[in-house]
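Hi,

Here is the structure I promised to pass on.

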Amino acid sequence: MAVQRKISSTHFCALIIILLASVCNGFYLPGSYMHTYTPGESIFGKVNSLTSIETELPFSYYSLPYCKPEGGIKKSAENLGELLMGDQIDNSPYRFNMNRNESLYLCTTNPLNENEVKLLKQRTRDLYQVNMILDNLPAMRYAKQNGINIQWTGYPVGYAPPQSSEDYIVNHLKFKVLVHEYEGTGVQVLGTGDETMAVVQESEKKLNGYEIVGFEVVPCSVKRDPEAMSKLKMYDTVDPVNCPVDLEKSQIIREQERVSFTYEVEFVKSDIRWPSRWDAYLKMEGARVHWFSIMNSLMVIFFLAGIVFVIFLRTVRRDLTRYEELDKEAQAQMNEELSGWKLVVGDVFREPNCSKLLCVMVGDGTQILGMAVVTTVFAALGFMSPASRGMLLTGMIILYLFLGLVAGYVGVRLWITIKGTTEGWRSVSWSVSCFFPGIVFIILTALNFILWGSKSTGAIPISLYFILISLWFCISVPLTLLGGYFGTKAEPIQYPVRTNQIPREIPVRKYPSWLLVLGAGTLPFGTLFIELFFILSSIWLGRFYYVFGFLLVVFVLLVVVCAEVSVVLTYMHLCVEDWQWWWKAFYASGSVSLYVFMYSINYLIFDLRSLSGPVSAMLYLGYSLIMAIAIMLSTGTIGFLISFYFVHYLFSSVKID
């Protein structure tokens, strides 16, 4: 039997290693290794999924009739985060010879059929962008609107000018590659691909080369003679083009048209150093507004929370001090004339309704909260490089899996504290491990059927479904059960007062208590709604979000305000003899999720007005619902745990028989 157990544990460990290897495939810092290229060295660009702020449905680059590379289409290594975000990175035929300015021919398509024309026109009118990557830098495009320079990543599939009834395809690209000349000794970086880890070796000789520090593109449409162009071979030289081109000389999208694809490359020396090459991408719009709004919000919330907290401390301290200064005879007389929170001493620790669900939600909230804290701290310290696509999401999932240990411990310990016995702890542990992941799984499955029906690359493949389920049941569930087992070994929290056998009647109030609880979420929401705008913009408008320092400050402030709001609401309920504080403490801070979801709907209506179609709206609302549930569990857990500690401290400080 001992040998069998040893083999089983070995197989289990091997399975975990294999699963983590599959999840972490590509979980390194691509682009964080400096690559130097010699003059004339060939570098091939890569293409990501086609994206649009109109539909939010990503599609494969090669779903359109574009030129394919000579060696066939090859997918780059993708980590779990990239797959979940719908990224599909493929090789492309675009070749760049270092420090060599060229104008090259790629290919001429076959006559466009009805299907291809319909698809091209649809992608053009839905404002789809082609996302190209060179040395792990996205192609950047600058446009002028109303005299203001606007920065975009990628270039459009085509355009439909208002003065014309035709659609035009972008078939000529002018690339500007910014390079910085590198001279150094001591180390040599081998390997130029962004999908393999660079090999660094010691070298005493002087190294010369070029680093790519910028990648810009100017798209245009050019009508060329397909007969003459089809006689050329890939990478033959063609005449350069002055962009933009008049509509009469642009390539119309229509049936039986043959489209010729060409491109130009210009290398420009730059003073930008390699570590600073992402600065241009990370410049957020409205930076001044961002700074002043966040600082103003921080000061206002700190001021309000400080006032509430000071008043509250003075009130409670005055009650406790007045009671403790009385002699025993006066205390006994006062016990007969108790009022407010002192009257519920025999009911304050009575088991709440749906106590198992409360334990499960607090356990899951602890898991989500721990994941958010660690991820935000690491990101604020600079460990999350924007060059590492999908790294943030992959890291969050891995952290969530291993924090199942903490979730099981907290959920089960709360359970045995409420029940006074370890009976049923396995059921609680199973529920903790399946509650939030189960909700997410159901929502994602429903959204995935929509994505499959749309043939979008955002759809989760079946193989990834099996990987996610395997990670869930082979890592998260066992660790949660192990945490629950440790929770049974921990000493349950002892209540400072005894609970009466007969529950005390709660006085009727003029207004429902839940109205106050729901209103309490407005204060925590005030701390994060500005940052929420920037986060939603980065997710849905394709902008880079990298001000994690701000996010960390806002996150700490949110925790403080959630704790204060829940404690104050709990005290108010106890003062009116309402001893059913458990769920109200949870939702006092957890109700912020309701406002987050309402704000998401507001953002959809007023800021994502370009979002078209019920499919896109359903996807947006589905992902927003997952975010709101996660926020509810984490903020509710903060409020409940602080309120529990406060109630325990309050009644342990007063000697009431």
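**What I found**

Tyr485 is found in helix 12. Bear in mind that this is a predicted model. Is Tyr485 buried or exposed, or something in between? Its relative accessibility is 39%, so Tyr485 counts as partly exposed, given that buried means under 20% and exposed over 50%.

Tyr485 also belongs to a nonpolar surface patch of about 400 Å², which it makes together with Leu405, Val406, Leu482 and Phe486. Two elements give two or more residues each to that patch: helix 10 (404-419) and helix 12 (462-489). Helix 12 gives the most, with 3 residues.

Now over to strand 14, which covers residues 260-269. Strand 14 is mostly covered, with 7 of its 10 residues buried. Its partner is strand 3 (residues 102-108), and the two pair in the antiparallel sense over 6 bridges.

Ser270 sits in the loop between strand 14 and helix 5 (279-282). Why does Ser270 count as buried? Its relative accessible area is 16%, and the cut-off for buried is under 20%. As for what surrounds it, Ser270 is in contact with Leu178, Val179, His180 and Val213, leaving aside neighbours within four places in sequence.

Cheers

Technical notes
Residues are numbered from 1 along each chain as its sequence is written. This is a predicted model: local features need pLDDT of at least 70, side-chain atom pairs count only at pLDDT 80 or more; totals for chains, interfaces and linings use all residues. Side-chain values use heavy atoms; hydrogens and water are left out. Buried means under 20% relative accessible area, exposed over 50%, partly exposed in between (1.4 Å probe, protein chains only). Helices (H or I, at least four residues) and strands (E, at least two) are DSSP runs, numbered from the N terminus. Two strands pair if DSSP finds at least two bridges between them. Contact means heavy atoms within 4.5 Å. Patches are made of residues with over 30% relative accessible area and no salt bridge: like charges are joined within 9 Å, nonpolar side chains (Val, Leu, Ile, Met, Phe, Trp, Tyr) within 5 Å. Accessible areas come from the Shrake-Rupley method with a 1.4 Å probe; for residues, only the protein chains shown count as cover. A salt bridge is a side-chain nitrogen of Lys or Arg within 4 Å of a carboxyl oxygen of Asp or Glu.
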